[in-house]
Every structure is written in C-alpha cells, then in structure tokens.
Protein chains: 4
Amino acid sequence: MNKTRVAVLGATGMIGQRFVQMLEGHPYFEIEGLYASERSDGKRLRDVLKVRDYPYKEETLDLKIEAMDLKRISKNARVALSGIPSDLAGKTETELAEGGVAVFTNAGAHRMDRNVSILIPEVNPTHIESVRDQATFKDGGFIVTNANCSSTGIAIPLAAIRDAYGLEFVSVSTYQALSGAGYPGVPSLDAVGNVIPFINNEEEKMETEIAKMLGTYENKEFNFAKFRVLANCARVPVIDGHLESLVIKTKTAPSVDELAETLRKFRGEPQTLKLPGAPDDPIMVRSEMNRPQPALDALAGTPERAKGMSVTVGRIRKNDEYHKLFVLSHNTLRGGAGGSILNAEFAKAKGLL
Amino acid sequence: MNKTRVAVLGATGMIGQRFVQMLEGHPYFEIEGLYASERSDGKRLRDVLKVRDYPYKEETLDLKIEAMDLKRISKNARVALSGIPSDLAGKTETELAEGGVAVFTNAGAHRMDRNVSILIPEVNPTHIESVRDQATFKDGGFIVTNANCSSTGIAIPLAAIRDAYGLEFVSVSTYQALSGAGYPGVPSLDAVGNVIPFINNEEEKMETEIAKMLGTYENKEFNFAKFRVLANCARVPVIDGHLESLVIKTKTAPSVDELAETLRKFRGEPQTLKLPGAPDDPIMVRSEMNRPQPALDALAGTPERAKGMSVTVGRIRKNDEYHKLFVLSHNTLRGGAGGSILNAEFAKAKGLL
Amino acid sequence: MNKTRVAVLGATGMIGQRFVQMLEGHPYFEIEGLYASERSDGKRLRDVLKVRDYPYKEETLDLKIEAMDLKRISKNARVALSGIPSDLAGKTETELAEGGVAVFTNAGAHRMDRNVSILIPEVNPTHIESVRDQATFKDGGFIVTNANCSSTGIAIPLAAIRDAYGLEFVSVSTYQALSGAGYPGVPSLDAVGNVIPFINNEEEKMETEIAKMLGTYENKEFNFAKFRVLANCARVPVIDGHLESLVIKTKTAPSVDELAETLRKFRGEPQTLKLPGAPDDPIMVRSEMNRPQPALDALAGTPERAKGMSVTVGRIRKNDEYHKLFVLSHNTLRGGAGGSILNAEFAKAKGLL
Amino acid sequence: MNKTRVAVLGATGMIGQRFVQMLEGHPYFEIEGLYASERSDGKRLRDVLKVRDYPYKEETLDLKIEAMDLKRISKNARVALSGIPSDLAGKTETELAEGGVAVFTNAGAHRMDRNVSILIPEVNPTHIESVRDQATFKDGGFIVTNANCSSTGIAIPLAAIRDAYGLEFVSVSTYQALSGAGYPGVPSLDAVGNVIPFINNEEEKMETEIAKMLGTYENKEFNFAKFRVLANCARVPVIDGHLESLVIKTKTAPSVDELAETLRKFRGEPQTLKLPGAPDDPIMVRSEMNRPQPALDALAGTPERAKGMSVTVGRIRKNDEYHKLFVLSHNTLRGGAGGSILNAEFAKAKGLL
C-alpha cells in the first residue's frame with residue numbers, strides 16, 4: 001500500500017513534534033514536510049527539540065523545517081496535521097481544505113464551525129460524516145478537529161458512562177500540565193512551587209466541547225448534549241498529563257464496581273477497526289488507592305504505537321446519587337497530536353482519504 | 001498583664017514550629033516549654049528547623065526541645081498547643097485536659113468527640129461553649145480542636161455564603177501543599193513534577209467537619225448542617241498554601257458582584273474583639289483573573305501578626321444557579337497553628353483561661 | 001533631611017520591583033517615578049507584580065508605571081536605579097549621566113567601561129572614586145555598576161580570603177536561581193525537574209568581573225587581579241538564591257576554623273558607616289552540615305532592611321593546599337537591586353549625591 | 001544457551017527495580033527471585049513500584065517479592081544483583097559469596113575491600129581479575145562492586161582523557177538527582193525549589209573511588225591513581241540524571257576539538273565484546289550550547305537495551321592549561337543497576353560465571 005503523504009504544521013511546537021513522533025514508522029502515513037513560521041525556516045528538528053521523553057531516530061532529528069507554503073502543501077500532501085496556534089489556524093486550515101487537503105487539527109479555530117466535528121472516534125464516530133457536508137468536500141478537502149486537551153480526557157469515560165447510565169451533571173476540576181500551554185508557555189517563575197487557577201478560555205471550551213461531542217449530528221446539524229458541565233481549570237507544575245477530578249450524577253446509579261467494569265470494558269470503533277494508534281484499552285481502570293498519577297500513568301496504552309493514548313481512571317467513589325473519580329490523560333498525545341492522528345487513521349479506514 | 005504559660009507539643013514538626021513563630025512576642029501567651037518525642041530530647045529548635053520563610057530570633061532558635069512530660073506540663077502550663085500526630089494525640093490530650101490544661105489542638109483525634117468543638121471563631125463562635133460540658137472543665141481542663149487544613153480554608157467563605165444566601169450543594173477539589181503532610185511527609189520522588197490524587201481519609205474529614213462546623217450546638221449536642229459536600233483531594237508540588245476549587249449551589253442565587261461583596265465584608269467575633277491573630281479581612285477577594293495563587297497569596301493577612309490568616313477568594317463565576325470560585329488558605333497558619341492560636345486567644349477573651 | 005529623588009528604571013521586571021521593595025520607607029531616598037517600556041505605560045505595579053515573598057504596601061501597589069522619558073528623569077531625579085536589559089541600558093544610562101543623573105545600575109552594559117567601577121562597597125570601596133574621572137561628573141552625572149548576580153555572591157568572601165591569605169586559584173560552579181533570568185525568563189518546560197548547564201555569557205562575566213573588582217584603581221586605570229577564576233554556570237529550578245561551590249587555593253593555607261573566623265569577622269565600610277542597607281554581617285558562616293540552602297538562607301541578613309544582603313558560607317573543608325566551600329547569596333537582592341541601592345547609599349555617604 | 005539464574009536483592013527500591021527492568025528479556029540472565037526485607041514479603045512488584053519511566057510487562061509487575069533467604073539464594077541462584085543498603089550489604093554479600101554466589105553490587109560496603117574491584121568494564125577491565133584472589137573464588141563465589149553513582153559518570157570520560165593526555169587535577173561539582181537517595185529518600189519539603197549542598201560521605205567516596213578505579217591491580221594489590229580529585233556534591237530537584245561540572249588539568253593540553261574527538265571515539269571491552277548492556281557509544285559528545293540536560297539526555301544510549309548507559313559530555317571549553325566540561329549520566333542505570341548488570345555480563349564473557 002502506498003502511504004498517504006502528510007504535512008505537519010507547527011513542527012517547532014510541542015504538538016507538532018508529537019505528530020512527528022507518532023509518524024515515525026507509521027503504517028498509513030509518511031511525512032511530506034515539516035512546516036512552521038518563516039522564522040524557523042531551514043532549522044532541523046534537532047535544533048528546536050521540545051519533547052523530553054521520546055528518542056527520535058537520528059534521521060528524523062535531521063529533518064528540515066520549512067516556512068509554510070500552502071500552495072505547495074495542497075499540491076503535495078493529501079493530509080495536513082495541524083498544531084499551529086488558533087489565531088493562525090482559522091485562515092490557514094480553511095485555505096488548505098479549499099486546496100483539497102484533509103486537515104486534522106488540534107487548533108480550536110474551527111471546533112464550533114457549522115459542519116465541522118470535534119471527533120474522538122471512540123466517542124462520536126458518526127460525527128465524521130459531517131465532512132461530507134463541508135463545501136470543500138467535493139474536491140477532497142475537509143476539516144476534522146479534535147477537542148481541547150482537557151475535554152478529550154474526560155469525554156471518553158463520560159461517553160461510556162452516558163451510554164450505560166445516562167448523565168445529568170458533571171463538575172470537573174483540572175490539574176493541567178505545563179506542556180498544554182505550548183512553548184515557551186508558562187514562565188518558570190510562575191510555575192515552580194505554584195498552581196495557577198486560570199487558563200484562558202479553557203473552562204468555556206470544556207463546557208461547550210463536551211456538549212458538542214456527546215451530542216448528535218443529524219440533518220446536517222449538531223445537537224448538543226443537555227447535561228450540565230461545570231469546569232474549574234488550573235495549571236500545575238507537571239510536564240505531561242492532565243489530571244481531572246470529576247463529580248458526576250447519572251440517571252441510574254450503578255455501584256462502584258459496576259461503574260468500574262463499564263469503563264474497563266468500553267471499546268469503540270478504533271478498537272474494532274484495529275487502527276494503528278488505537279489503544280487496546282481506551283480506558284484503563286486502576287484499583288490502587290493513589291492512582292492515576294501523571295508521573296506514572298500519562299503514557300498508558302498498548303501496543304507501543306498507542307502509548308499515551310489510553311485514558312486512566314481511578315479512585316471511583318460513590319456518595320448516594322453522585323460518583324467521584326479521577327481521570328488522567330496525556331495532553332499532547334491522546335489530548336493533542338495522537339488525537340488528530342487517530343482521527344486521520346479513522347478517516348482513512350472510512351474511505352475518506 | 002501576666003502572660004499565660006503555653007506548652008508547645010510537637011515542636012520538631014511543621015505545625016509545632018509555626019506555633020513557636022506565632023508565639024514570638026505574643027501579647028497574651030509565653031512559651032512554657034517545647035515538647036516532642038524522646039528522640040528529640042535536648043535538641044535545640046535550630047537543629048530541627050523546618051519552616052522556610054520565617055526568620056526566628058536567635059534566642060528562639062536556641063530554645064531546647066524536651067521529651068513530653070505530661071505531669072510537668074499540667075503543673076506548669078495553663079495551655080497546651082498541640083501539633084502531635086493524631087494517633088498519639090488521643091490519649092495525650094485527654095490526659096492533659098484531665099490535668100487541668102486547656103488544650104488547643106491541630107490533631108484530628110478528638111474532632112468528632114461528643115462535647116468537643118471544631119472551632120473557627122469567625123464561623124461558629126458559639127461552639128466554644130461546648131467546653132463547659134466537658135467532664136474536665138470543672139478543673140479548668142478542656143479540649144478545643146481546629147479543623148483539618150483543607151476544611152478550614154473553605155469553611156470561612158462557606159459560612160459567609162450560607163449566612164447570606166443559604167447553601168444546598170458544595171463540590172470541592174483540592175490542590176494541597178506538601179507541608180500539609182508534615183515532615184518528612186511526601187517523598188520527593190513522588191512529589192516533583194507530579195500530582196497525587198489521594199490523601200488518606202482527607203475527603204471523609206472534609207465532608208464531615210464542614211457539616212459539624214456549620215451546624216449548631218444546642219442542648220449539649222452538635223447538629224450537623226444538612227447541605228451536601230463532595231470532596232476530591234489531591235497533593236501538588238507546592239510548599240505552603242492549599243488551593244481549592246468550589247462549585248456551590250445556594251438557595252437564593254446572588255450575582256457575582258453581590259457574592260464578592262458579601263465575602264469581602266464578612267467579619268466575625270475575632271475582628272470585633274480585635275484578637276491579636278485575627279486578620280483585618282478574614283476573606284480577601286481578588287479581582288485579578290489569575291488569582292489566588294499559593295506563591296503569591298498564601299501569606300495574605302494584616303496586621304503583621306495575622307500574616308497567613310486571611311483566606312483569599314478569586315475567580316467567582318456564575319453558571320445559572322451554580323457559582324464557581326477558587327479559595328486559597330495557608331495550611332499551616334490559618335489551617336494549622338494559627339487556627340489553634342486564634343482559638344486560644346478567643347478562649348482567653350471569653351474568660352475561659 | 002530632604003530625601004533624594006530616585007527614578008526606578010525597569011519597574012515591570014524582577015530587579016525593578018526589588019528596587020521598589022527596598023525603597024519603601026527608605027531613610028535617604030524617595031521614589032520619583034517608576035519607568036518601563038511604552039507597552040507598560042499606565043499600568044499599576046499591582047498589575048505586573050512578579051515578587052513572591054514581599055508584602056508591598058497597598059499604596060505602593062497602586063503606583064503607576066510610565067514610559068521612560070529621559071528628559072523628565074534628568075530634570076526631576078538626582079538618582080536613577082536601573083534594572084533595564086543590557087542592550088537598552090548602554091545608551092539610556094549614558095544619556096542619563098550626561099543629563100546630570102547619578103546612575104546605579106544592575107545592567108552589564110557599562111561594567112567594562114574605562115572609568116566605571118563594578119562596586120561592592122565591602123569589597124572595593126576605593127573604586128567609587130572612578131566616578132570623578134567620568135566626563136559627566138562635572139555636571140553631577142555618573143555611572144556606578146554592580147556586578148553580575150553570580151559574581152557578587154562570591155566576590156565578598158573571596159575579598160575577605162584574599163586580604164587574609166592571598167588567592168591563587170578559584171574554581172566555581174553555580175547553581176543559579178530562575179529569577180536571575182528575569183521574567184518571563186526560563187520556560188517552565190525547560191526548568192521543572194531539570195538543570196540547564198548554560199547561561200549566556202555568564203562564565204565570561206564571572207571570570208572578568210571578579211578580577212576587576214578584586215583589582216585596584218590607580219592613575220585612572222583599573223588593574224585586574226591576577227589569580228585565575230574558572231567558572232561553570234548552570235540554572236536550577238529554584239526561585240531565588242544563587243548557590244555556588246568553590247575550590248580555592250590560597251597563598252598561605254589557614255585551617256578550616258581560621259578561615260571560618262576570618263569570614264565571620266569580615267566587615268567593610270558599609271558596616272562602619274552603618275548604611276541602611278548594609279547587613280550587620282556581610283558574611284554569615286553556618287556550621288550545620290547541610291547549609292547554606294536557597295530555601296532557608298537566601299534572605300539572610302539583619303536588620304530587617306538588610307534582609308537578603310548577607311552572603312552565607314557553609315561546608316568549609318580543606319584538602320591539603322585547597323579549600324572547598326559553598327556560598328549562597330540572594331541574586332535579586334544582594335546580587336541585584338540591593339547591590340545598586342547599597343552603592344547609592346555609599347555614594348551618598350561619600351558626598352557624591 | 002541456558003540462562004544464568006539471578007537473584008535480585010532489594011527489589012522494593014529504585015536500584016532493585018531498575019535491575020528488574022534490565023532483566024526483562026535479557027539474553028544471558030533470568031530472574032530466580034526478587035528479595036527484600038521481611039516487611040515486604042509477599043507483595044507484588046506492582047504494589048511497590050517506584051520507577052516512573054519504564055513500562056514493565058504485566059507478568060513482571062505480578063512477580064512476588066520475598067523476604068531474603070540466603071541459603072535458598074545460594075542454592076538456586078548463580079548470581080546476585082544487589083541493591084540493598086550498605087549497612088546491610090556488608091554481611092549479606094559476604095555470606096552469599098561464601099555460599100558460592102557471584103555478587104554484583106551497587107552497595108558501597110565492599111568497595112574498599114582488599115581484593116574487591118570497583119569495576120567499570122570500559123575503564124578498568126583488568127580489575128575483574130581481582131575476583132580470583134578472593135578467598136571464596138574457589139567455590140565460585142565472589143564480589144564485584146560498581147562505583148557510587150556520581151563517581152561512575154565522570155570515571156568514563158576521565159579514563160578516556162587520562163589515556164590520551166594524562167591527568168593532573170580534577171575539580172568536580174555535582175548536581176545530583178533525587179533518585180540517587182533511594183526511596184523515600186529526600187523529603188519533598190527539602191527538595192522542591194531548593195538545592196541541598198550535602199550528601200553524606202559522597203565527596204569522600206568520589207575522591208577515593210575515582211583513584212581506585214583509575215589505578216592498577218598488580219600483585220594482588222590496588223594501586224591508586226595519583227592525580228588530585230576535589231569534589232563538591234549537591235542534590236537538585238531532578239528525578240533522574242546526575243549532572244557534573246568538571247575542571248581538569250591534563251599533562252598535554254589538547255584543543256577543544258581534539259578532546260571532543262577523543263571522547264567521542266572512546267570504546268572499551270564491552271563494545272568489543274558486544275555485551276547486551278553495552279552502549280554503542282560509551283560517551284556521547286553533544287555540540288549544542290546548552291546540553292547535556294538531565295531531562296533530555298539522561299536516557300542516552302543505543303541500542304534499546306543500553307538506554308541510560310551512555311554518558312553525555314557537553315560544553316567543552318578551554319582556559320589555557322585547564323579544560324571545563326559538563327558530564328551527565330543516568331544515576332540508577334549506568335550509575336546503578338545498569339553498571340552491575342554490565343559487570344555481570346562482562347564476567348560471563350570472561351568465563352567467570
């Protein structure tokens with residue numbers, strides 16, 4: 001099988017470099033080019049390396065980064081994986097879609113667009129059909145977004161719970177990692193030994209994105225889920241891995257063991273389709289009393305290619321009609337680059353590429 | 001005025017050393033002795049110093065620590081300030097009360113005892129009357145506890161809100177500082193770059209202590225408040241200052257500005273009595289969009305003697321009938337040693353010493 | 001006595017805000033204005049606060065910051081305290097001196113200028129006379145620099161050692177705090193859980209500045225000290241306080257106790273003159289086996305106004321003709337703003353203002 | 001080939017668990033049993049997991065840990081890999097050697113014993129012959145130690161430099177990771193945002209171990225190398241990876257490029273023998289101006305099995321007859337468990353097992 005040519009947008013940033021990591025040896029995709037701003041034109045990946053924990057191949061580290069050239073990308077690449085800033089992403093991604101490119105983006109610019117889905121294939125696989133309703137689809141171009149990193153982590157267990165028991169109320173507090181702010185991101189003088197209880201626009205995103213993802217797409221319209229989501233977001237001095245505490249109220253209240261079992265058994269289309277980036281267990285449930293922890297669990301996921309793609313749930317407790325639990329997900333893998341790549345793999349499996 | 005003689009129990013620990021800090025130059029109290037386990041007998045305070053941010057006087061640093069001798073304490077001290085571990089505190093504090101000593105304790109052992117209050121004088125000043133119903137009171141001995149550090153921080157704003165608007169529901173997630181675990185406490189290999197979503201028994205304490213403190217004491221019985229409290233507790237790599245996110249539902253829903261004003265104006269008996277450790281503002285409300293932060297706000301409080309005794313509230317938001325806010329308090333001052341000392345000052349003002 | 005009017009340059013930065021801290025209630029100086037770039041014009045200090053550990057007065061926090069206006073400063077201020085970036089400092093400080101302003105600067109731009117001293121009044125008090133040889137001096141304007149933060153810390157004990165025993169060789173490795181890089185400075189993704197063994201141009205500065213400071217000023221020329229200094233500089237995840245390890249070789253080798261005593265007894269002109277910012281002990285020698293530590297010792301110094309102005313030495317060891325020791329100094333107080341202010345106080349005492 | 005049966009001593013600790021990591025799928029060795037103190041008897045590895053960054057196989061995590069039983073180990077295991085505390089190691093390891101077991105130990109107890117080598121097979125391969133002079137060797141039992149973690153990292157480049165240019169003087173300052181102190185090790189209240197300039201006995205170890213390793217073994221005696229080593233040791237808030245700054249004086253002074261080339265080309269017997277745990281490059285030399293960094297370089301080493309076994313050198317500079325450089329090594333892999341395993345592989349290749 002010929003591999004699909006993929007352009008990586010934003011290759012000097014954390015998300016861009018996670019794309020490159022996940023594309024090494026990918027069975028479906030090959031890198032067409034690494035792109036960033038003019039300023040980085042000509043640099044090699046090794047000169048701007050941000051990722052701490054992945055040993056890139058030497059030839060990958062030698063890849064050149066180029067200034068973005070939309071015409072050239074439209075001509076040479078079937079797919080664009082985008083990790084560029086949202087203010088830039090709006091126009092850029094639209095132009096690429098108009099140029100016939102399938103854009104899988106981590107940026108927020110198009111998430112609330114009319115026929116653009118926020119896709120997690122385990123959660124809302126049918127939403128991918130919205131691409132057919134995008135004006136550019138006739139020429140092969142379309143946009144699929146993935147959710148904000150803090151929304152992604154909880155969307156998967158919330159979907160599993162909603163399917164089994166119905167959902168009425170969600171209160172979530174986040175303990176978000178520094179890599180979620182990109183690079184240079186949070187100054188160390190603010191971060192070390194501190195917590196910052198504010199991330200610009202993050203709570204609003206969580207409250208609307210969850211509702212869009214757990215809603216339906218019918219008659220070319222997204223209908224948002226109705227249960228309430230209340231979010232408090234804070235940044236903690238952790239490199240990778242968003243931890244989130246949840247208080248939820250379900251329609252029918254399962255026991256702690258039933259809820260754990262439901263989460264543990266949850267599987268979605270990526271698992272059925274055996275997509276390369278799909279983790280065997282979308283949700284890992286840990287029974288230890290002090291897990292999940294970012295330092296120990298952020299990279300959960302098997303097989304090797306799906307490291308950081310499992311969401312880990314722990315400390316499930318019940319107070320009458322409420323459940324409490326902690327959820328951890330890797331914010332630049334499952335909640336970032338990995339999410340976009342899984343979406344691209346899913347699109348490929350659906351014959352859209 | 002002759003100063004009241006005070007024994008400090010647990011002088012090698014974080015809380016014990018905060019007691020010593022707050023007793024330097026105290027207008028009501030003077031140190032009778034510093035006590036700890038046999039193992040530390042004979043050491044000077046400077047040899048076992050834990051507090052990072054307070055410059056003790058040289059003569060204070062030279063104070064000797066002695067092995068606990070309950071008979072001697074009962075004879076020489078009118079008051080004991082206790083920062084010893086809960087398992088040890090149960091018996092020790094009972095014996096001291098039986099010996100005629102007024103015990104103000106940070107330990108959890110007696111918090112749920114029949115006639116023992118969990119006292120925050122701004123929140124539940126009438127609860128101090130429960131000491132009169134303790135069997136040892138006739139000889140001058142009694143026990144007053146202060147709340148767990150994570151309960152204290154939110155109890156003050158919750159009391160202000162309950163008084164003004166009624167309270168129906170509280171969901172709280174904590175970002176707790178390392179000093180809350182004492183010393184040696186959390187191993188650095190677990191703490192650095194990590195969050196630990198578990199603190200033994202902490203959530204249970206919060207859920208019951210808040211209810212006891214915000215309830216009533218009538219006919220020699222504590223009646224617990226009825227609104228629901230749901231707690232998720234986690235430890236973050238911060239030295240001092242517990243941050244807590246709150247989602248609350250009040251009976252009558254004020255605007256954000258009204259709620260801020262209510263909190264800002266809140267005063268209690270310690271302020272009326274001008275107790276030395278009482279902060280001018282029990283609750284400071286910050287309007288900056290990214291506060292309170294442990295690094296910047298943990299030591300809030302004026303005058304100088306009340307540093308770390310104000311609770312800081314920020315980011316008040318409203319979603320329909322719910323409010324969201326962040327609360328920060330200094331866990332070893334207001335939520336620890338400072339709380340016990342304020343209780344002792346309050347008892348003194350009430351003629352109980 | 002009328003207070004001297006002082007302009008603070010760079011008031012949005014760490015050093016600028018330390019200037020403001022030390023000017024609160026200063027007996028010699030009063031703030032003429034706070035200045036920064038155009039971008040910050042009109043902001044209040046509270047909007048751009050960086051310092052974590054100092055409780056500014058409310059009226060200080062309300063001070064307005066203005067865009068720099070050199071003419072106005074020349075007209076209204078006798079002294080400028082400068083904490084602006086070196087690239088900007090070169091021209092700005094020259095113009096102020098030409099305008100008759102006495103400039104005390106933390107910037108590096110003029111440190112190697114012909115008649116400009118790098119002044120630590122305990123170390124090289126006679127160097128201040130170089131201002132008389134500056135062209136602008138006839139109109140009252142001149143420039144005095146203080147050393148780089150990592151040079152300052154060790155210059156004081158090295159001067160004491162050189163005076164007593166002679167110096168032949170110094171090898172220094174630094175453990176430098178994040179605040180030394182200013183704000184935003186080091187990205188948290190680089191800092192948390194890491195050490196960065198590189199600070200641009202820092203080692204070169206240390207090797208030349210020490211030699212200039214410990215040299216002489218005669219016949220309008222600086223003669224550099226001859227002993228060798230070899231520096232290795234690294235950044236560690238600490239907020240304030242530069243720790244430095246030293247290996248030194250003296251001409252006559254004292255015992256460990258003699259060396260400690262020499263350091264402990266060291267006093268300079270600021271102590272004789274009882275300058276307000278002069279610490280009682282320029283060098284504190286600690287005998288505990290695990291000190292000095294940034295978290296415990298950075299703020300060493302009495303009286304209150306001289307907090308952070310003492311340098312702390314510990315772990316003095318001897319291997320034959322070599323001594324090893326650790327030195328800690330507060331990089332934005334003694335090694336930054338406090339150094340400039342002490343220089344200004346010294347100039348005042350010398351009748352130069 | 002039948003695999004050699006290996007007992008792991010100290011399996012609840014950091015070093016013990018790194019042994020287990022490196023034994024997964026090892027071509028020469030298989031685990032006979034995991035041993036620790038009575039207290040941990042019956043626990044599974046997953047219950048006491050300390051290592052953050054290695055994904056153990058599920059069946060490995062299920063391995064049971066047992067109380068140490070020296071008779072049983074002597075009967076069932078040919079090799080013991082020891083990560084037990086030094087005070088316990090002295091007697092235990094002697095008994096095992098007497099029982100015919102080949103002990104490869106990370107503990108310090110026997111490092112200075114008469115016929116016991118401190119072995120790094122790239123540095124002093126001939127020292128392994130000392131086992132033949134141990135009394136227990138006739139029955140197959142012997143002891144081989146590896147160096148202290150901070151000694152190992154620099155011993156390899158120092159050996160390369162000594163071989164090429166001679167060595168006269170070494171001044172080393174360490175920036176040591178928290179994992180070097182074991183678990184629970186350094187309390188987080190001491191570690192976060194701090195540097196501790198003291199590690200018990202560490203400087204003495206470095207100064208003598210380097211001399212023993214770089215010396216010779218002749219006529220059943222170790223002759224220590226003569227050049228001077230001066231060490232300053234400090235602990236920094238980093239999880240894994242000891243950084244060390246070096247100032248060295250060689251007999252003939254190469255250029256920076258020559259020195260880099262010498263280090264880059266250095267190979268030892270493990271490379272010639274292609275031992276499984278031998279890194280292709282014992283020393284990696286980086287040319288970036290801000291490396292090596294613990295966060296980026298601690299796990300250097302190819303192939304996969306040798307991750308964390310390369311030492312990384314960077315920032316080589318020259319001041320006349322002195323060179324300055326930074327060295328980084330993984331303290332629990334190359335400087336801990338990996339060192340012992342490489343020694344065991346080397347012994348196997350030499351026919352000693």
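A salt bridge here is a side-chain nitrogen of Lys or Arg within 4 Å of a carboxyl oxygen of Asp or Glu. Keep that cut-off in mind for the first stop.

This is a predicted model, where local features need pLDDT of at least 70 and side-chain atom pairs count only at pLDDT 80 or more, while totals for chains, interfaces and linings use all residues. Residues are numbered from 1 along each chain as its sequence is written, chains are lettered from A and ligands numbered from 1 in the order written, and side-chain values use heavy atoms, leaving out hydrogens and water.

**Stop 1: chains A and B**

Select chain B and chain A. Ten salt bridges are counted between them. Zoom to B:Glu207 and A:Lys324: their side chains form a salt bridge at 2.6 Å, N to O. Chain B and chain A also have 28 residue pairs in polar contact, both at pLDDT 80 or more. A polar contact is a pair of N or O atoms within 3.5 Å; within protein, one must be able to donate a hydrogen and the other to accept it, and residues adjacent in sequence count only if both atoms are side-chain atoms.

Each side gives 43 residues to the contact, meaning heavy atoms within 4.5 Å. About 3400 Å² is buried between chain B and chain A, with carbon and sulfur atoms giving 56%. Buried area is the accessible area (1.4 Å probe) that two parts lose on being put together, summed over both.

Now pick A:Phe169, A:Tyr322, B:Phe169 and B:Tyr322. They form one aromatic cluster. Rings of Phe, Tyr and Trp (its six-membered ring) pair if their centres lie within 6.5 Å; planes under 30 degrees apart count as stacked, over 60 as edge-to-face and the rest as tilted.

**Stop 2: A:Asn146**

Where is A:Asn146 found? Look in the loop between strand 6 (142-145) and helix 5 (149-165) of chain A; helices (H or I, at least four residues) and strands (E, at least two) are DSSP runs, numbered from the N terminus. A:Asn146 counts as buried because its relative accessibility is 3%. Buried means under 20% relative accessible area, exposed over 50%, partly exposed in between (1.4 Å probe, protein chains only). Show A:Asn106 too: a 3.0 Å polar contact joins its side chain to that of A:Asn146.

**Stop 3: rings in chains C and D**

Over all chains, the structure holds 36 aromatic pairs. One is C:Tyr54 with C:Tyr56, edge-to-face at 4.9 Å centre to centre and 85° between the planes. C:Tyr56 is buried at 7%; C:Tyr54 is partly exposed at 24%. Next, D:Tyr28 and D:Phe29: their planes lie at 75°, so this pair is edge-to-face, with centres 5.9 Å apart. D:Tyr28 and D:Phe29 are both buried.
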